[in-house]
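Here are my notes on this model, as numbered points. Please read them with the structure open.

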Amino acid sequence: MIEMICLGTGYAAAAANRDNTYLLLREQVNRDAGTVLIDVGGSPLTKLKKEQVDLKAIRAVIFTHFHIDHIYGMPSLLWGMWLAGREEELTICCGSGDEKKLRHWLELLEMDSWPAKFQIKIHVYKAEEKAELLTLGEAKVSTFPAKHAVPTVGIEVREGNRTLVYSSDTEPNEWIRQYDYIDELYHECTLARGALVHHTSLQQFSQFYNLHVFGKIVFVHLSDQEDYVSAMNEFMSEEEKARIHFAEEKA
Ligand SMILES: [Zn+2]
Ligand SMILES: [Zn+2]
């Protein structure tokens, strides 16, 4: 069974106890299936050690968009992979509009001179349409368009009848609303209240979606000192509140 682990949980400016939001997909039982990172925020080497993830087992990195808070950990991740003696090819997925920036960045890192022994394969997807990216164990991992300031995608993981979704940075998204059922929804919740542009507040989330079709809701991209609890009490029923979790990072 695939699990989605929140390595970072904070919004763009992070927080005292939260790295910027990024996630890990891992097959719980069959560890040989490898792992996939969704974005790479703060201190990836520390976070991956805490989760006991072998750097050689990371098959792919999926960048949902190229805002700094979602990408800046990449040089450190590659550096750690080199130090770990990785030889396995790594796939990095990005939107077609970000390919040039990614290639330029990789050039600047001069990995040939370290010298890194692993190749990087760049897989380009179109952010404006649904796209299947890869399989992990029995699961299919796809992207779908998000509503953000720059071309951005959310991530869908389908494993048999089970569906996991990560919203990435987005306004309330029709693509997410159209699911009949999502077992686990990881959704950004940048502020507690208000009508945000490019992002989602808890108020918007509870007014836009039918929360009863989400088995478990995990809020990520969280801000400091937001009174999420009072907003929950104001905008959600007891039954809806019972589905809500605020993502935590391993201490
Ligand atoms: Zn962000
Ligand atoms: Zn963003």
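1. Start with helix α4, residues 99–109. Its buried residues are Leu102, Trp105, Leu106 and Leu109; buried means under 20% relative accessible area, exposed over 50%, partly exposed in between (1.4 Å probe, protein chains only). They share one side of α4 because they cover an arc of only 100° around the axis; the arc is that of the directions from the helix axis to the C-beta atoms. An α-helix has 3.6 residues a turn, so residues three or four places apart point the same way. Lys100, Glu107 and Leu108 are exposed on the other side of α4. Helices (H or I, at least four residues) and strands (E, at least two) are DSSP runs, numbered from the N terminus.

2. A word on the basis. This is a predicted model, in which local features need pLDDT of at least 70 and side-chain atom pairs count only at pLDDT 80 or more, while totals for chains, interfaces and linings use all residues. Residues are numbered from 1 along each chain as its sequence is written, chains are lettered from A and ligands numbered from 1 in the order in which they are written, and side-chain values use heavy atoms, with hydrogens and water left out.

3. What do the buried residues of α4 pack against? The partners are α2 (68–71), α3 (74–83), β5 (90–95) and β6 (120–125), with contact meaning heavy atoms within 4.5 Å. Glutamate 110 follows α4 and has a positive phi, near 50°.

4. Now the zinc ion (ligand 2). His65 (NE2), His67 (ND1), His148 (NE2) and Asp169 (OD) coordinate this ion at 2.1 to 2.3 Å. Donors are N, O and S atoms within 2.8 Å of the metal (3.2 Å for Na, K and Ca); water is not among the atoms, so sites may look incomplete. The spacing of the donors along the chain is H-x1-H-x80-H-x20-D. Histidine 65 sits in the loop between β4 (58–62) and α2, and histidine 148 in the loop between β8 (139–145) and β9 (153–159), 83 residues apart.

5. The zinc ion (ligand 1) has Asp69 (OD), His70 (NE2), Asp169 (OD) and His221 (NE2) as protein donors, at 2.1 to 2.2 Å. Aspartate 169 coordinates both ions, which are 3.6 Å apart. Aspartate 169 lies in the loop between β10 (162–166) and α5 (174–177), and histidine 221 in the loop between β12 (214–220) and α7 (228–235), so the pair ties together parts that are 52 residues apart in sequence. Aspartate 169 and histidine 221 are buried.

6. Histidine 199 deserves a look. This residue lies in the loop between β11 (182–188) and α6 (202–208). Histidine 199 is buried, at 18% relative accessible area. Its side chain makes polar contacts with the side chains of glutamate 188 (2.7 Å) and threonine 190 (3.3 Å). A polar contact is a pair of N or O atoms within 3.5 Å; within protein, one must be able to donate a hydrogen and the other to accept it, and residues adjacent in sequence count only if both atoms are side-chain atoms. Leaving aside neighbours within four places in sequence, the contacts of histidine 199 include His148, Asp169 and His221.

7. Last, the cysteines. The count is 0 disulfides, a disulfide being a pair of cysteine sulfur atoms within 2.5 Å. For cysteine 93, the nearest cysteine sulfur is that of cysteine 94, 8.0 Å away. Cysteine 189 is buried, with a relative accessible area of 0%.
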